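The exercises below are to be worked through with the sequence and the model in view, and each task is followed by a solution in steps.

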Amino acid sequence: MDDGKIRTIGIDLSADDAKTIDATGKYVIPGGIDPHTHLDFPFGGTVSSDDFSTGTIAAAVGGTTTIVDFVVQQPGQSLTEALEIWHQKAGGQAAVDYGFHMIIRDLPDSRLPEMDEMVRQGVTSFKMFMAYRGAVMVDDDTIFKAMVRAADNGAMICLHAEHGHMIDVLVQEALAKGDTAPRFHASTRPPITEAEATHRAIRMAEVAGAPVYFVHLSCTEALEEVQAARSRRNYVYAETCPHYLTLDNSMYDQEGFEGAKYVLTPPLRDKWHQEELWQGLRRNDLQVVSTDHCAFRFSDQKTLGVNDFSKIPNGGPGIENRLSLIYTNGVVSGLMDMNRLVEVFATTPAKLFGLFPRKGTIAVESDADIVVFDPDAETVISAQTHHMNIDYNLYEGMTVKGVPEAVIANGRVLVEGGKYTGISAGGRFLKRSPQ
Ligand code: URP
Ligand code: ZN
Ligand code: ZN
């Protein structure tokens, strides 16, 4: 590696003045791409606790060397203004390279050309929320118009698919009955609400002729919609997240307010969905595992909803734990092989989001983003030792096998011997290509 790029691949290479890392007995894999993170993100009446510095250091420790984070447009704001705010947040802060998706909240016809301008600036994907009525939810007209534009300008449409109207009614009914505890977050967002929105968005995308990517798919019913759509047309994509693959809704049954730690959306599901999601990854009906890292402290942020589950800021941490969780629960358990892990962790997100072959592969002239992964090392996940700026970990106490021993981003060694080396900042904004 030289000057941030991979220059030569071979056996017994000699290089003067080069640092050598011994990878004997280890896997050498491309640095991970996490295409779904929320750093310094205003949401649910507060701001997520990891910023672009802490969040990307934690990402690197976990083997992720590129993130695609979400800009959010405020109503009435131009997309260019919104993007500029996120450039200010991330610039000079991020330890690893980053791109941006744009969350659209307000799209009068006069703003449609701004989508083209975003694509020119390397923001080649747009997310819209079909839930969170009265906050970030947009109507179907907006989604469809954005899809039609994306079909033209090569952008990817990303959707948070839940039926916001039904959920709103269910939430109001629960609160009226005095059902205010965290577990009612799950019961008021049943799987069919996710499946219905997934189906509707797929059909709209078919009419528009636009590619569509479902973020944080959590359940079998939504997966079936994606599977059916992919048998008709191949530009329907979906990701799931480690929490849906490894945790279930029994987490909401814990004493007191503990369940608030797991209030993320869509909610954790019955355990049997996990097997279906792993099968979906095997069959390629699911193509990516992202984290949806959106950390809110238990001590003073989750407590906003102590008397009303609907006011608990939605989201959970995970940016640091993705690789070890997929390896332990997927590869070690025999549910996927190491090649498939690399696809869902790095290569496919790079391809879907306009970063390949610069990212997501180990190839001459690709960015020097490499993880030396020790498959035999074991560690116990804990908030006491993690690097994320949050006072709990969703996977507290879980023993995972497989640890990123060295992590190199753009040729800089950010992790060595499994320890963060102290290099911060240096990450660059990535202009992504359209489809
Ligand atoms: O609960 C979640 N997922 N929070 C982050 C925002 C989103 O919906 O992706
Ligand atoms: Zn979402
Ligand atoms: Zn998210």
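**Exercise 1.** State which residue stands opposite Tyr420 in S15, and place the strand pair in its sheet.

*Solution.* Val415 is the residue that stands opposite Tyr420 in S15. The model is a predicted one, in which local features need pLDDT of at least 70 and side-chain atom pairs count only at pLDDT 80 or more, while totals for chains, interfaces and linings use all residues. Residues are numbered from 1 along each chain as its sequence is written, ligands are numbered from 1 in the order in which they are written, and side-chain values use heavy atoms, with hydrogens and water left out.

Next, take the strand pair: S14 (residues 412-416) and S15 run antiparallel and are joined by two bridges, where strands are DSSP runs (E, at least two residues) numbered from the N terminus and two strands pair if DSSP finds at least two bridges between them. The open sheet has five strands, in the order S1-S12-S13-S14-S15, with antiparallel pairing. Strand S1 (27-30) and strand S15 (419-420) are at the edges with a single partner strand each, so one side of each has no neighbour in the sheet.

**Exercise 2.** Identify the donors of the zinc ion (ligand 2) and say which parts of the chain the histidine pair ties together.

*Solution.* The zinc ion (ligand 2) is coordinated by Lys127 through NZ, His160 through ND1 and His216 through NE2, at 2.1 to 2.8 Å; donors are N, O and S atoms within 2.8 Å of the metal (3.2 Å for Na, K and Ca), and sites may look incomplete because water is not among the atoms. The spacing of these donor residues in sequence is K-x32-H-x55-H. His160 belongs to strand S8 (residues 156-160) and His216 to the loop between strand S9 (212-214) and helix H8 (220-232), so the pair ties together parts that are 56 residues apart in sequence. Both His160 and His216 are buried, that is, under 20% relative accessible area with a 1.4 Å probe and protein chains only. Finally, the zinc ion (ligand 3) is 3.9 Å from the zinc ion (ligand 2).

**Exercise 3.** Determine which residues lie nearest the centre of the largest pocket.

*Solution.* A pocket is an open set of points on a 1 Å grid over the protein atoms alone, where a 1.4 Å probe fits, with protein on both sides within 12 Å along at least five of seven lines, and lining residues have an atom within 4 Å of a point. Of the 28 residues that line the largest pocket, Met1, Thr8, Leu13, Lys19 and Thr20 lie nearest its centre.

How values were computed: Helices (H or I, at least four residues) and strands (E, at least two) are DSSP runs, numbered from the N terminus. Buried means under 20% relative accessible area, exposed over 50%, partly exposed in between (1.4 Å probe, protein chains only).
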